[in-house]
Amino acid sequence: MPGQPRGAPGTPSALERFNTAPAPEAERALLACLHSARWALLVAGHRPYPDLASLLAASDEAAYDLSPEELAGALAAEALPAIPADTYSAAHTALNAAHAAYETRFGHSFVICLGGVPPEETLDRILEDIRSRLANDPDEERAVAAEELRRLAKERLADMAEGAGSCANRRNGTAPGG
C-alpha cells in the first residue's frame with residue numbers, strides 16, 4: 001500500500017498492494033488523493049486495475065461524476081498550494097491577499113496543480129494563475145477549479161500507485177515532485 005518501499009524482488013508493486021488492499025484501507029488512501037467519499041468508493045470499487053493508465057482513467061471518470069455539492073466538499077478540503085520556504089515576506093503578503101480575494105469571490109480555496117513546475121517558478125505560477133482566474137465568472141471558475149482538482153488527484157494517485165509516497169504526503173508537499 002502507499003508509503004511502502006518498492007522494487008524489492010518478490011515484493012508486490014504499490015499498484016498490486018492497492019488492488020489487493022481491503023476496501024476500507026484503499027478508500028482511506030484514495031480520500032487523501034481527493035476528499036470525496038463517492039469518488040473513493042467508485043475508484044476502489046473498480047479494482048483491480050491492470051495498470052496505472054486504467055487507474056487514472058477510472059479516477060477521471062469518477063471525478064467527472066461528482067455533483068456540485070461533492071465538488072464543493074472536495075475543494076473545501078484542499079490546502080493552499082505550498083510555496084518555497086525561502087520566499088520573501090512581501091511575496092507571502094501578496095499571495096495571502098490574492099488567496100483572500102479568491103476565497104471571497106468564489107467561496108473556496110484556490111486550487112492549482114503544479115506538476116512539472118520547477119520549484120523556483122512555483123510562486124510566480126501561483127500568483128499568475130490566481131490573478132488570471134479572479135477574472136472568471138463563478139461558473140467558469142468552478143469548471144477550472146474542478147479540472148485542477150482532477151489533475152491534482154491524478155498526480156497524487158499516480159505517485160501512490162508508482163510507490164512514490166502516499167496521497168497524504170503528496171497533499172502536504174512532502175512527496176517527490178512537490
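A charge counts as sitting over a ring if NZ of Lys or CZ of Arg is within 6 Å of the ring centre and within 35 degrees of the ring normal. Keep that in mind for the second stop. The model on screen is predicted.

**Start with the whole chain**

Show the cartoon. The chain has nine helices and zero strands. Read from the N terminus, its elements run α-α-α-α-α-α-α-α-α. Now colour by burial. Of the 178 residues, 44% are buried. Switch to the surface. The accessible area is about 9,000 Å², and carbon and sulfur atoms hold 54% of it. Then turn to contacts with a separation of 6 or more: 66% of them join residues 24 or more positions apart.

Begin with the charge. Arg-47 lies over the face of Phe-18, 5.5 Å from the ring centre. That value meets the distance limit of 6 Å.

Stay on Arg-47 and look at its bond to Pro-48. The peptide bond between Arg-47 and Pro-48 is cis, with omega at about 5 degrees. Most peptide bonds are trans. Pro-48 belongs to the loop between H3 and H4.

Next, the rings. A search of the whole structure turns up three aromatic pairs. One of them is Phe-18 with Tyr-49, a stacked pair with 6.5 Å between centres and 15 degrees between planes. Which parts of the chain does this pair link? Phe-18 is in helix H1 (residues 14-20), while Tyr-49 is in the loop between helix H3 (37-45) and helix H4 (52-64).

Tyr-49, at 6%, is buried because its value is under the 20% cut-off.

Move to helix H6 (residues 89-106), which holds both Tyr-102 and Phe-106. They are four residues apart, about one turn of the helix. Their rings form a tilted pair: 4.8 Å centre to centre, 55 degrees between the planes. Tyr-102 and Phe-106 are both buried. Tyr-102, Phe-106 and Phe-110 make up one aromatic cluster.

**Select the second largest pocket**

H5 supplies the largest share, five residues.

**Finish at Leu-114**

Centre on Leu-114, in the loop between H6 and helix H7 (122-133). Is Leu-114 buried or exposed? Its relative accessible area is 15%, and Leu-114 therefore counts as buried, under the 20% cut-off.

Now show what surrounds this residue. Apart from neighbours within four places in sequence, Leu-114 is in contact with Pro-81, Thr-122, Arg-125 and Ile-126. Finally, draw a C-alpha to C-alpha line from Leu-114 to Ala-82. It spans 9.7 Å, and the two residues are 32 apart in sequence.

Technical notes: Residues numbered from 1 in each chain as written. Predicted model: local features only at pLDDT ≥ 70, side-chain atom pairs only at ≥ 80, totals over all residues. Heavy atoms only, no water. Helix = DSSP H or I, 4+ residues; strand = E, 2+ residues; numbered from the N terminus. Buried < 20%, exposed > 50% of the residue type's maximum accessible area, 1.4 Å probe, protein only. Contact = heavy atoms within 4.5 Å. Areas by Shrake-Rupley, 256 points an atom, 1.4 Å probe, with all protein chains shown as cover. Phe/Tyr/Trp six-rings, centres within 6.5 Å; stacked < 30°, edge-to-face > 60°.
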